[in-house]
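This briefing is meant to be read alongside the sequence and the coordinates. It takes up one residue and its surroundings, and then turns to the way the parts of the chain meet.

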Amino acid sequence: MSTIGHFVDGKRISGDSDRRGDVFDPATGRRTGQVALASAADVAGAVEAAERAARSWRDASLAKRTAVMFAFRELVNARRDRLAEVITAEHGKVLADAAGEVQRGLEVIEYACGIPSALRGGFSENVSTEVDSYSLRQPLGVVAVISPFNFPVMVPLWFVPVAIACGNAVVLKPSEKDPSAALLLAEWFTEAGLPDGVLNVVNGDKEAVDALLDHPGVKAVSFVGSTPVARYVHQRGSLAGKRVQALGGAKNHMVVLPDADLDLAADAAVNAGFGSAGERCMAISALVAVEPVADALVARIAERMGRLRTGDGRRGCDMGPLVTAAHAERVRSYVESGIAAGAVPVVDGREVTPDGDADGFWLGPTLFDHVTPEMSIYTDEIFGPVLSVVRVGSYDEAVELVNANPYGNGTAIFTNDGGAARRYQHEVEVGMIGVNVPIPVPMAYYSFGGWKASLFGDLHAHGADGVAFFTRGKVVTSRWLDPRHGGVNLGFPTQT
């Protein structure tokens, strides 16, 4: 049984802690390895390595940082199939979905390759007589990234390339459920020319998270996970004086108006509801059907679901297993809760016959109709392949439903009415909007993040917000003295 350790100061290490966690292949249910769970001392060693590296890396030229980013981009692009295989083996999502995750991560690396443009400051000449002012942005030092199990490559790449390109050193703590991809990324960064210690990976659980939140050498924390943990990370990190961006959970609504193309809407609902087995913070889990389209729309979705093949992600299936046995059981309990509450199970994923090992962590796509807002399958983030249809009588009722939800991550509207779409994007209280786009994840040069209980902190991931998060601004006011500026004057300085 292999043991997955850490990556600190340019090499893999086992760490001092003797605590271990199990890593599984979700499609077979078999344990494939054990991951070392870092102690506070292990975390401190990684932070110290990062602090040493940060002192020189912050002074590395933009040309040097950019060269490393370009080289890293080429390595990831050439080895994307290897990364996808590792994702599928430990997370369970199908290979095509894993490949898409790698591609979205590559887009952020490519954005970081343009860091010289993103870090440009401003200059104003002669703001006062022979006085100039200019602004610049400088790195924070050591930053921590705490990433979730559902995107073991894409989410770390939302933050790590931007942080490094801005001149910081990074300590990354990936999910202990699927840790191997992060170690590969760290090794490839080193191969691309990144100095030792600029990127470190510590595997672990809450003990490692708390150590990062408390360590005085860590200046900022980026987190993605559930809302309760995001709130905890934000509060504890902020109390320790750190800059924190904590992206939490979601309950994403897809509103379908009566004029929408129902076939395209049904395709989108299936793709966005069941891709990655619903283990996406941007998954559509609540479909809001504005009458009179619900019957026709539900029938179309159910017909498409009947053609989906659930099974091992390496066999060309449409949807893979859930990440752990415990999580599969949790999602299954929501299906049971929905039935008990009176929702109509149009398709029951508990009845699926998977194309995979009988011991895999299986639950097939599930569709509920006649869901009401007080049911747990509507109120809770299930994080599984469960799609709930809520019927409403009007556009206004749909917007009221979306805005009443405590989450505000993503939403979509399907319509052929441009006026309705424009009104929706203006009125809805959600951070990311899709118009006939079910999963509105922004491109890397825009920023990713929600509103309300989906985000704790002010700045979103990647794009301009990412650069702002990983840097601090300075403004310099400068005058080069000559003999005309001599003399003593105790009056308050004024602009002339």
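**A serine and its surroundings**

A polar atom of the Ser447 side chain lies 3.3 Å from the backbone nitrogen of Asp465, in what is a predicted model. A polar atom of that side chain is also found 2.7 Å from the backbone oxygen of His462.

*Ser447*

- Ser447 belongs to the loop that runs between β20 (432–435) and β21 (451–452).
- With a relative accessible area of 19%, Ser447 counts as buried, because the cut-off for that class is under 20%.
- When neighbours within four places in sequence are set aside, the residues in contact with Ser447 are Pro442, His460, Ala461, His462, Gly463, Ala464, Asp465 and Gly466, and two of these, His462 and Asp465, supply the backbone atoms named above.

*Division into domains*

- The protein is split into domain 1, which comprises 3–248 together with 454–476, and domain 2, which covers 252–435.
- Taken over C-alpha atoms, the centres of domain 1 and domain 2 are 31 Å apart, and the contact between them draws on 22 residues from domain 1 and 25 residues from domain 2.

*Area buried between the domains*

- About 1900 Å² is buried between domain 1 and domain 2, and 59% of this area falls on carbon and sulfur atoms.
- On the side of domain 1, the residues that lose the most area to domain 2 are Ala27, Val94 and Ser454, which together make up 26% of what that side buries.

*Polar and charged pairs across the interface*

- Three salt bridges are found by the rule across the interface of domain 1 and domain 2.
- Asp25 and Arg314 form a salt bridge in which the closest N and O atoms are 2.8 Å apart.
- Between domain 1 and domain 2, ten residue pairs are in polar contact, counting pairs with both residues at pLDDT 80 or more.

*Make-up of the domain 1 side*

- At least two residues of the side of domain 1 that touches domain 2 come from each of β4 (20–25), α3 (80–90) and α4 (95–113), and α3 gives the most, with three residues.
- Sorted by type, the residues on that side of domain 1 comprise eight nonpolar, eight polar and six charged.

Note on methods:
Residues are numbered from 1 along each chain as its sequence is written. This is a predicted model: local features need pLDDT of at least 70, side-chain atom pairs count only at pLDDT 80 or more; totals for chains, interfaces and linings use all residues. Side-chain values use heavy atoms; hydrogens and water are left out. Domain bounds come from an automatic or database domain assignment. Contact means heavy atoms within 4.5 Å. Buried area is the accessible area (1.4 Å probe) that two parts lose on being put together, summed over both. A salt bridge is a side-chain nitrogen of Lys or Arg within 4 Å of a carboxyl oxygen of Asp or Glu. A polar contact is a pair of N or O atoms within 3.5 Å; within protein, one must be able to donate a hydrogen and the other to accept it, and residues adjacent in sequence count only if both atoms are side-chain atoms. Helices (H or I, at least four residues) and strands (E, at least two) are DSSP runs, numbered from the N terminus. Ala, Val, Leu, Ile, Met, Phe, Trp, Tyr, Cys and Pro count as nonpolar, Asp, Glu, Lys and Arg as charged, and the others, Gly among them, as polar. Buried means under 20% relative accessible area, exposed over 50%, partly exposed in between (1.4 Å probe, protein chains only).
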